[in-house]
Amino acid sequence: MPDVARTLDLPSGQRFEYWKHALSHAFVPLEVSAPGGDGDFRGLLRGSELGSLRFIEVSAEPHTARRTPRLVKAAPAGCYKLALQLRGSSVLIQDGREATLVPGDFTLYDTDRPYTLELSDPHRMLVLVFPRDMLGLPQSRLAGLTATRLPGETGGLATLIGPFLSQIADLLDDTGSRDGIRLAGNVLDLLGTVLTERLDCVPPDPDTAHRALMLQITAFIEEHLGEADLAPAQIAAAHHISLRQLHKLFHASGTTVAGWIRQRRLEHCGHDLRDPRCSARPVAAVGARWGYPDPAHFSRLFKAHYGMGPRDYRLGHGL
């Protein structure tokens, strides 16, 4: 994701004042304070927009952000925030509840009701901001779930949300990624399913369960892309469905199982060949890392996808 704000670009005496302005501009108007005052504050915001969705990654030193009743009244936003803790810890307070988050945990909160977010230690958090009506769930019921810790280690569908948000953040290094848009919609579908379970109400969309299953399957594929022998039969067995059902799911998404695997592998290969951090890695090693141990086969597939061979592709990106 591109940088939105970086305090290290400014003299130390101006950094925290700039940070307060940057947070309010990126999210909603906030009152921001830090335990050490406005000294040599270090903070970085990175973000991107996908339609009506906003992804913002926050990396900073300890500080507190407050959405006061006055600010809510002056600047209503009509949005929910989904916050995923990646490093450090935080405490979210809203509607009389407190959610203490550690890495892997996430929580939901409403921008149009007062809240306090206390971020301790050097931390990193990924925040998804989206209009409230995108979940398709009763807002009166969701009000009972704000500032509720949703742990990332207890199993179930909730454990998929963190990895997928992180995956979207990586995809947004290429701004406007079509895959990022698709995955963002999947995350909201999955979040709706998780919250529906918590609310114990009927899902608003009968296809939600199918989309959630598709999300589980694509997460499994992503985890096993480096295995050259990854096959539809293995994927179907891992999810306790028939091979026919697996192919039907992908057909409904306009692709095939093999086509999805090939596309994701080649996208990862292209990312590595563009990445200066991977410039010392041989082209054949890049292919092998993502499930193509045969260099000639990898080269043919890569050229068919990108219009040039992997070596020329790397050179074309100045590496």
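Helices (H or I, at least four residues) and strands (E, at least two) are DSSP runs, numbered from the N terminus.

**Entry 1: getting my bearings**

With that in hand, I looked up the totals: the chain has 12 helices and nine strands. I am working with a predicted model, in which local features need pLDDT of at least 70, side-chain atom pairs count only at pLDDT 80 or more, and totals for chains, interfaces and linings use all residues. I number residues from 1 along each chain as its sequence is written, and side-chain values use heavy atoms, with hydrogens and water left out.

Next I looked up burial, where buried means under 20% relative accessible area, exposed over 50%, and partly exposed in between (1.4 Å probe, protein chains only). Of the 319 residues in the chain, 49% are buried. I then turned to contacts, meaning heavy atoms within 4.5 Å. Among contacts with a separation of 6 or more, 70% come from residues 24 or more positions apart.

**Entry 2: a hairpin**

I followed strand E6 (residues 79-94) into strand E7 (residues 97-101). Two strands pair if DSSP finds at least two bridges between them; here five bridges join E6 to E7, and the strands run antiparallel. I picked out Ser90, whose bridge partner in E7 is Leu101. Two residues sit between the strands of this hairpin, and Asp95 has a positive phi near 55°.

Is Thr146 buried or exposed? I found Thr146 at 0% relative accessibility, so it counts as buried. Thr146 belongs to the loop between helix H3 (139-142) and helix H4 (158-171).

For its partners I needed polar contacts: pairs of N or O atoms within 3.5 Å, where within protein one must be able to donate a hydrogen and the other to accept it, and residues adjacent in sequence count only if both atoms are side-chain atoms. The side chains of Thr146 and Asp95 make one of 2.6 Å. The Thr146 side chain also reaches the backbone oxygen of Ala143 at 3.3 Å. Leaving out residues up to four places away in sequence, I saw Thr146 touch several others, including Gln94, Arg97, Leu108 and Tyr109.

Which residues of helix H8 (residues 243-252) are buried? They are Leu246, Leu249 and Phe250. Seen down the axis of H8, its buried residues fall within an arc of 90° (taken from the directions from the helix axis to the C-beta atoms), so they line one face of the helix. On the other side of H8, I found Arg244, Lys248, His251 and Ala252 exposed. Gly254 follows H8 with a positive phi, near 85°.

I checked the length of helix H11 (residues 295-306) too. The expected span of a helix is 1.5 Å times one less than its number of residues. For the 12 residues of H11 that should be 16 Å, and the end C-alpha atoms are 16 Å apart, which agrees. Asp294 caps the N-terminal end of H11, with a side-chain oxygen 3.1 Å from the backbone nitrogen of Ala296. After H11 comes Gly307, whose phi is positive, near 85°.

How many disulfides does the structure hold? I counted zero, a disulfide being a pair of cysteine sulfur atoms within 2.5 Å. Cys79 is buried at a relative accessible area of 11%, and Cys278 is buried at 8%.

Last, I looked at Lys73 in helix H2 (residues 69-74). Lys73 is exposed, with a relative accessible area of 75%. Lys73 and Pro114 are 41 residues apart in sequence, and their C-alpha atoms are 9.7 Å apart in space.
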